[in-house]
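Let's take a walk through this protein chain together. Have a look at the fold, and then follow along from strand to helix to loop.

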Amino acid sequence: MTDAERTTRERLRLQAVDRLEGGQKTAEIAAALRISVRSVERWRRAWREGGEAGVLSKGSPGRPRLSEVQIAKLERELERGPPAHGWVDQRWTLARIKTLIGRLFHVSYTVEGTWRLLKRHGWSWQQPTGRAIERDEDVVEVEEGDLAAGKTTAAERGAWIVFEDEAGQSMTPPRARTWGRIGQTPVVRVRGRGSGRVSMAGMTCYKSGERSRLIYSIREYRGCKDEPKGFCRRDFRDLFVRARIQLGGPIVLVWDNVRLHLTAGMREFIEANAEWLTVFQLPTYAPDLNPQDGVWSLVKRDVGNLAAADLSQITRSVKRRLKKIQYRPDLVDGCLTGTGLTLA
């Protein structure tokens with residue numbers, strides 16, 4: 001019950017007490033206050049036994065039994081995660097939180113009471129995102145600071161900040177949510193066999209005062225002999241040159257530390273074009289800092305549950321989605337904002 005509902009209920013009790021003292025009948029009071037006859041009968045019995053004090057509310061039974069200091073401590077312990085308190089996995093369930101409250105404060109809560117307590121203090125039931133256990137948060141924090149140097153360099157040179165990343169899609173589509181009858185799990189029939197893969201390389205491009213851009217390249221791999229499975233140094237070279245022409249200015253490139261990005265041939269190309277190409281590396285295991293990763297999630301959301309007849313159908317779907325995003329700079333801006341990096 002909300003505070004407004006509780007206040008309304010208390011006002012009705014006071015009005016009912018006045019009418020009971022005035023000698024009105026139960027049905028008349030119920031009709032006048034637009035409440036049930038049973039409620040008036042219950043209040044009449046309480047009034048006979050305890051007078052006005054017997055009718056008025058004794059307070060909400062759901063009033064929190066933990067102080068603000070205890071709640072702050074509970075939130076700190078929850079943020080440490082279940083493994084810190086003896087559970088093997090990393091799921092906070094209501095039963096576990098109920099147990100934790102009992103351990104910390106020797107206070108017994110019901111599961112429903114635990115739910116209400118969490119809701120009151122800004123907690124909700126969510127599906128978590130994954131993060132590599134090898135990720136070093138201290139390194140990520142330091143290298144996020146290094147990206148500020150990249151922004152300074154871009155501002156000094158009037159350059160575009162370009163985030164690059166690669167992704168792929170096989171014949172097996174990602175599973176997406178769909179409606180179905182309760183108790184009957186929907187079945188999506190896809191091809192269990194099928195060779196081939198669509199490789200994607202994309203660049204999210206940002207410059208203050210300009211419309212955000214998306215530049216991409218697609219490559220199909222059909223399993224043929226001597227056919228490259230993905231992108232090579234020459235593909236990246238052509239992509240960067242095309243981006244420079246389309247953007248019309250120098251580029252500050254930000255990408256991750258995969259082996260292909262660190263090859264001798266790639267370093268030679270970057271050094272040979274240092275007048276318009278500057279490179280900064282993202283931290284290891286930190287895809288959440290790359291807005292292009294958000295673009296890939298938008299693309300794969302569109303091909304969810306797609307039972308493709310052949311690889312060409314996947315390629316057409318991927319290209320169509322990327323083309324739509326190109327014409328929606330607000331989506332690109334949303335992916336940039338989602339990284340938490342301050343670009344302005």
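**A strand between two partners**

Strands β2 and β3 (residues 213-221) run antiparallel and are joined by nine bridges; two strands pair if DSSP finds at least two bridges between them. Helices (H or I, at least four residues) and strands (E, at least two) are DSSP runs, numbered from the N terminus. This is a predicted model, in which local features need pLDDT of at least 70 and side-chain atom pairs count only at pLDDT 80 or more, while totals for chains, interfaces and linings use all residues. Residues are numbered from 1 along each chain as its sequence is written, and side-chain values use heavy atoms, with hydrogens and water left out.

Within this pairing, Thr204 stands opposite Leu214 in β3. The hairpin of β2 and β3 has six residues between the strands, and there Gly209 takes a positive phi near 85°. Strand β2 also pairs with β1 (residues 160-170): ten bridges join the two, again antiparallel. Here Phe163 stands opposite Thr204. How enclosed is β2? Nine of the ten residues of β2 (residues 197-206) are buried, so the strand is largely enclosed by the rest of the structure. Buried means under 20% relative accessible area, exposed over 50%, and partly exposed in between (1.4 Å probe, protein chains only).

Now turn to helix α10 (residues 291-302). Its twelve residues reach 18 Å from the first C-alpha to the last, close to the 16 Å expected at 1.5 Å a residue; the expected span is 1.5 Å times one less than the number of residues. Pro291, Gln292, Val295, Trp296, Leu298 and Val299 are the buried residues of α10. Seen down the helix axis, they fall within an arc of 160°, so they line one face of α10; the arc is that of the directions from the axis to the C-beta atoms. Their cover includes β1, β2 and β3, along with α11 (311-326) and α12 (329-338). At the N-terminal end, Asn290 caps α10, with a side-chain oxygen 3.0 Å from the backbone nitrogen of Gln292.

One more stop is His261, in the loop between β4 (251-255) and α9 (264-272). His261 is buried, with a relative accessible area of 2%. Leaving aside neighbours within four places in sequence, His261 is in contact (heavy atoms within 4.5 Å) with Glu164, Glu166, Phe236, Trp255, Asp256 and Met266.

Stepping back, the chain has twelve helices and five strands, and 35% of its 344 residues count as buried.

Definitions and conventions
Polar contact = N/O pair within 3.5 Å; in protein donor to acceptor, adjacent residues only side chain to side chain.
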